[in-house]
Amino acid sequence: MKWRLATGVLCAKKVSPLLKGKFYRAVVRPAMLYGTECWPVKNSHIHKMKVAEMRMLRWMCGHTRMNKIRNGDIQEKVGVAPMEDKMREARLRWFGHIQRRSTNAPVRRCERLAVVRTRRGRGRPKKYWGEVIRQDMTRLRITEDMTLNRELWRSTIKVVG
């Protein structure tokens, strides 16, 4: 919805790609990422978000897939970081808030889902939020103890763009 409202600015030929990227980062991306910190994210979710973002970025630059320009080149031209990294940053930022809060603070739904494991049926068990957070922390080589130092945690998980 935000994309449709902003296409006048984002698809204008006279506006520079860096300014379009700045506008995209300020308006469209936050709407796309709203609530992602509480998802137990699957690879299919990440893929769909990447595809949606790249379609928008290509459209902003006036390119199609037929032009055969790499995703990384388009992201660099517009000044936007990959969607997967921004999703990881949002999850870990929220995890830091949870770890630093007081012990008598109310528990939110996504935190309960991280702890409660119910009986499951056949097949692979569903991913849960805590599992995704652990994978993110091992990918960035960080520990839970680092959350207590707010500046260190913020600088470690921050993605530019």
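Reader: Are helices α5 and α8 roughly parallel or roughly antiparallel to each other?
Author: Helix α5 covers residues 83–100 and helix α8 residues 150–157, and they pack at an angle of about 165°, with axes 10 Å apart. Helices here are DSSP runs (H or I, at least four residues), numbered from the N terminus. Axes are lines fitted to C-alpha atoms over the stretch in contact, with angles from 0 to 180 degrees between N-to-C directions. Angles under 35 degrees count as roughly parallel, over 145 as roughly antiparallel, 65 to 115 as roughly perpendicular and the rest as oblique, and α5 and α8 are therefore roughly antiparallel.

Reader: What kind of model is this?
Author: Residues are numbered from 1 along each chain as its sequence is written, and side-chain values use heavy atoms, leaving out hydrogens and water. Local features need pLDDT of at least 70, side-chain atom pairs count only at pLDDT 80 or more, and totals for chains, interfaces and linings use all residues; the model is predicted.

Reader: Which residues of α8 meet α5?
Author: Contact means heavy atoms within 4.5 Å. From α5, the residues involved are E89, L92, R93, F95, G96, H97 and R100. Their partners in α8 are R150, W153, R154 and I157.

Reader: Is E131 buried or exposed?
Author: E131 lies in helix α7 and touches R124 and K126, not counting residues up to four places away in sequence. Buried means under 20% relative accessible area, exposed over 50%, and partly exposed in between (1.4 Å probe, protein chains only). The relative accessible area of E131 is 18%, so E131 is buried.

Notes. Helix = DSSP H or I, 4+ residues; strand = E, 2+ residues; numbered from the N terminus.
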